[in-house]
Amino acid sequence: MDDHTDQTRKPRADAVRNRERVLEAAKLVFSAGGPEASLEAVAKRAGVGIGTLYRHFPTREDLFEAVYRREVEQLSELAEQLKNAKDPVDALRRWLRSGVEFVATKKGMMAALALAVQSGSELHAFSFDRLTKATGSLLDRAVAAGEMRADISAEDLLRAFFGMCYIHDQPGWQATALRLLDVFIDGLRVQPVTKAKPRAVAKPAKPVAKRKR
């Protein structure tokens with residue numbers, strides 16, 4: 001009975017591992033982009049045959065959507081882990097920097113995802129809801145700690161973040177996005193109030209004594 005159970009479970013475990021390997025490989029291949037970002041390249045990097053890839057993901061769009069969802073879920077999990085970080089502003093910064101990798105992967109799948117993530121689609125709603133909640137949880141902590149200004153919403157922050165990532169489309173854009181991200185976060189920090197030094201009051205001039213003639 002036990003041997004039979006092991007035999008039936010083992011392929012299932014192998015299938016799960018293969019699926020994860022394909023998704024991780026796809027993330028790396030699609031992030032690099034270019035003509036090399038093919039399904040054959042994904043299978044080769046994952047160390048599986050192209051038939052195995054198609055068994056898990058029958059179409060290119062199926063693979064792209066699975067990678068996209070996985071990235072969103074991982075960002076949500078990272079936000080949960082960072083909620084207990086000592087420095088709330090640094091936690092938010094680290095989360096957004098990880099988001100740059102997500103955008104890089106998404107850019108590599110842009111053509112195929114154009115319809116899937118259009119406004120109003122189920123996938124768009126899924127990603128927007130998850131990412132907004134993740135951003136909001138970290139932003140709220142920074143605001144509550146008095147470290148970040150309170151007049152920006154999670155939606156505003158996400159829009160600005162994606163704008164910084166998509167404004168550049170040349171090789172090496174990630175470095176530029178990370179630099180702009182640091183400038184942006186630093187600009188949102190609450191600056192310490194410095195008390196102005198009291199101005200010195202000028203003493204009245206002493207009257208000049210008249211000379212006696």
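Start by selecting leucine 63. Leaving out residues up to four places away in sequence, leucine 63 touches Val22, Leu23, Ala26, Phe30, Leu39, Val42, Leu53 and Phe57. Keep in mind that this is a predicted model.

**Widen to the core.** Which residues have the most contacts inside the largest nonpolar core? They are Phe30, Val42, Leu63 and Trp95, in a core of 53 residues. Helix H1 (2-32), helix H2 (39-46), H4, H5, helix H7 (122-144), helix H8 (154-166) and helix H9 (173-188) each supply at least two of its residues. In soluble globular proteins, nonpolar side chains tend to be buried together.

**Step back to the whole chain.** Switch to a cartoon view. The protein chain has nine helices and zero strands. From the N terminus on, the elements read α-α-α-α-α-α-α-α-α. Of the 213 residues, 34% count as buried. Take the contacts between residues at least 6 apart in sequence: 70% of these join residues at least 24 apart. Then show the surface. The chain exposes about 14000 Å², and carbon and sulfur atoms supply 53% of that area.

**Colour by confidence.** The average pLDDT of the protein chain is 82, and 77% of the residues score at least 70. Next, select residues 1-9. Here the pLDDT is below 50. Beyond near neighbours in sequence, residues 1-9 have zero contacts in the model.

**Look for rings.** The chain holds four aromatic pairs. Select tyrosine 68 and phenylalanine 102. Why is this pair called tilted? The ring centres are 5.6 Å apart and the planes stand at 45°, so the pair falls in the tilted class. The two partners come from distant parts of the chain, 34 residues apart. Tyrosine 68 is in helix H4 (residues 60-82), and phenylalanine 102 is in helix H5 (residues 88-108).

Tyrosine 68 has 3% relative accessibility, so tyrosine 68 counts as buried. Phenylalanine 102 also comes to 3%, and therefore counts as buried.

Move on to Phe161, Phe162 and Tyr166. Ring pairs link these three into a cluster.

Lysine 106 lies over the face of the phenylalanine 162 ring, 5.6 Å from the ring centre. Then select arginine 69 and phenylalanine 126. The charged end of arginine 69 sits over the ring of phenylalanine 126, at 4.7 Å from the ring centre.

Select threonine 132, which is in helix H7. Its relative accessible area is 13%, so threonine 132 is buried. What does threonine 132 contact, leaving aside neighbours within four places in sequence? The partners are Ala154, Glu155 and Leu158.

Now go to serine 76, placed in helix H4. Serine 76 has a relative accessible area of 13%, so serine 76 counts as buried. Not counting residues up to four places away in sequence, serine 76 touches Arg130 and Ala134.

Terms used: Residues numbered from 1 in each chain as written. Predicted model: local features only at pLDDT ≥ 70, side-chain atom pairs only at ≥ 80, totals over all residues. Heavy atoms only, no water. Phe/Tyr/Trp six-rings, centres within 6.5 Å; stacked < 30°, edge-to-face > 60°. Helix = DSSP H or I, 4+ residues; strand = E, 2+ residues; numbered from the N terminus. Buried < 20%, exposed > 50% of the residue type's maximum accessible area, 1.4 Å probe, protein only. Lys NZ or Arg CZ within 6 Å of the ring centre and 35° of its normal. Contact = heavy atoms within 4.5 Å. Areas by Shrake-Rupley, 256 points an atom, 1.4 Å probe, with all protein chains shown as cover. Core = buried A, V, L, I, M, F, W, Y, C linked by side-chain atoms within 4.5 Å. pLDDT = per-residue confidence, 0-100.
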